[in-house]
Amino acid sequence: QLDQKRPDRVQYTFSINAGGQVVVQFQYMIAPFDANEARERLWTKLSEIPGVTIEKRLGGRPSFPLAALTDGEHLLKFERIFSEVVDETRNWKPRAG
């Protein structure tokens, strides 16, 4: 998760469980990933990593095997996606009005 300065701004991202699964925390994501369009964009990017097959449960907590990231290039792609989530969350500003 990404902890920010305000307690209401905790962004849930990814977790790894004891069964060796990377869990995508769509269910608990906040802005800018509270909208289905943003979650679908994230889902699409993750699905493009070779070996990652992930259910399209944008309101849940789908998972994929951590073993899918053992290839260095696959892990690098995941790290880039994770960084994008962090950057988008940290740079998000509420709309005025």
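Predicted model: local features only at pLDDT ≥ 70, side-chain atom pairs only at ≥ 80, totals over all residues.
**View 1. Phe-14 meets Phe-78.** By the ring-centre rule, the count of aromatic pairs comes to five. Here the centres of Phe-14 and Phe-78 sit 5.0 Å apart with planes at 65°, so this pair is edge-to-face. Phe-14 belongs to strand 1 (residues 14-16) and Phe-78 to helix 2 (residues 72-91), so the pair ties together parts 64 residues apart in sequence. Phe-14 and Phe-78 are both buried.

**View 2. Phe-64 meets Phe-78.** For Phe-64 and Phe-78 the centres are 6.2 Å apart and the planes at 70°, so we're looking at an edge-to-face pair. Phe-64 has 0% relative accessibility, so it counts as buried. Phe-78 comes in at 9% relative accessible area, and that's buried as well. Zoom out a bit, and ring pairs join Phe-14, Phe-64, Phe-78 and Phe-82 into a cluster.

**View 3. Arg-39, a buried charge without a salt bridge.** Arg-39 is in helix 1 (residues 36-47). The nearest side chain of opposite charge is Asp-34, 6.6 Å away, while a salt bridge would need a nitrogen-to-oxygen distance within 4 Å. Leaving out residues up to four places away in sequence, Arg-39 touches Phe-26, Gln-27, Met-29, Phe-33, Asp-34, Leu-58 and Gly-59.

**View 4. Lys-56 over Trp-43.** The charged end of Lys-56 sits over the Trp-43 ring, 4.8 Å from the ring's centre.

Terms used:
Residues numbered from 1 in each chain as written. Heavy atoms only, no water. Helix = DSSP H or I, 4+ residues; strand = E, 2+ residues; numbered from the N terminus. Buried < 20%, exposed > 50% of the residue type's maximum accessible area, 1.4 Å probe, protein only. Lys, Arg positive; Asp, Glu negative; His and termini not counted. Contact = heavy atoms within 4.5 Å. Phe/Tyr/Trp six-rings, centres within 6.5 Å; stacked < 30°, edge-to-face > 60°. Lys NZ or Arg CZ within 6 Å of the ring centre and 35° of its normal.
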